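Reader: Could you walk me through this model, one question at a time?
Author: Gladly, and here it is to look at together.

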Amino acid sequence: MSDATLQCPKCDSKLDTHERHGVVIEECPGCKGVFLDRGELEQLIDAESRYLAELPDEVNPETTYQGRHRRGIMQQIFSADR
């Protein structure tokens with residue numbers, strides 16, 4: 001990773017860099033924007049899918065966050081039954 005300081009394209013604040021499970025995420029403390037490099041969104045989606053697949057079947061979809069979101073974010077965004 002480079003030592004160059006990245007700046008937010010929206011508000012010119014210095015971006016904070018965070019590493020989460022092998023994915024590097026840049027976040028703007030000014031406007032709260034989140035910036036991902038090519039392929040990082042897919043890595044996050046894959047990690048979410050693996051996590052949700054490991055949830056026990058008895059998780060009640062009506063009472064827990066994990067249950068309500070078991071389908072994953074991409075399916076929720078693009079499903080016709082919203």
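This is a predicted model: local features need pLDDT of at least 70, side-chain atom pairs count only at pLDDT 80 or more; totals for chains, interfaces and linings use all residues.

Reader: Is lysine 32 buried or exposed?
Author: Lysine 32 lies in the loop between β2 and β3; helices (H or I, at least four residues) and strands (E, at least two) are DSSP runs, numbered from the N terminus. Buried means under 20% relative accessible area, exposed over 50%, and partly exposed in between (1.4 Å probe, protein chains only). With a relative accessible area of 58%, lysine 32 is exposed.

Reader: Which residue of the hairpin of β2 and β3 takes a positive phi?
Author: β2 and strand β3 (residues 34-35) pair in the antiparallel sense over 2 bridges, and pairing requires that DSSP finds at least two bridges between the strands. Their hairpin has 6 residues between the strands, and the residue with a positive phi, near 70°, is lysine 32.

Reader: What is the bridge partner of aspartate 16 in β2?
Author: Strand β1 (residues 16-20) runs antiparallel to β2, with 5 bridges joining them. These two strands form a hairpin with 2 residues between them, where histidine 21 in the turn has a positive phi of about 50°. Across the bridge from aspartate 16 is glutamate 27.

Reader: How many of the 5 residues of strand β2 are buried?
Author: Strand β2 covers residues 23-27. It is largely enclosed by the rest of the structure, because the buried count is 4.

Reader: Which element gives the most to the lining of the largest pocket?
Author: The lining includes Val23, Ile25, Gln43 and Leu44; lining residues have an atom within 4 Å of a point of the pocket, which is an open set on a 1 Å grid over the protein atoms alone, where a 1.4 Å probe fits, with protein on both sides within 12 Å along at least five of seven lines. β2 and α1 (40-53) each supply at least two of the lining residues. With 5 residues, the top contributor is α1.

Notes:
Residues are numbered from 1 along each chain as its sequence is written. Side-chain values use heavy atoms; hydrogens and water are left out.
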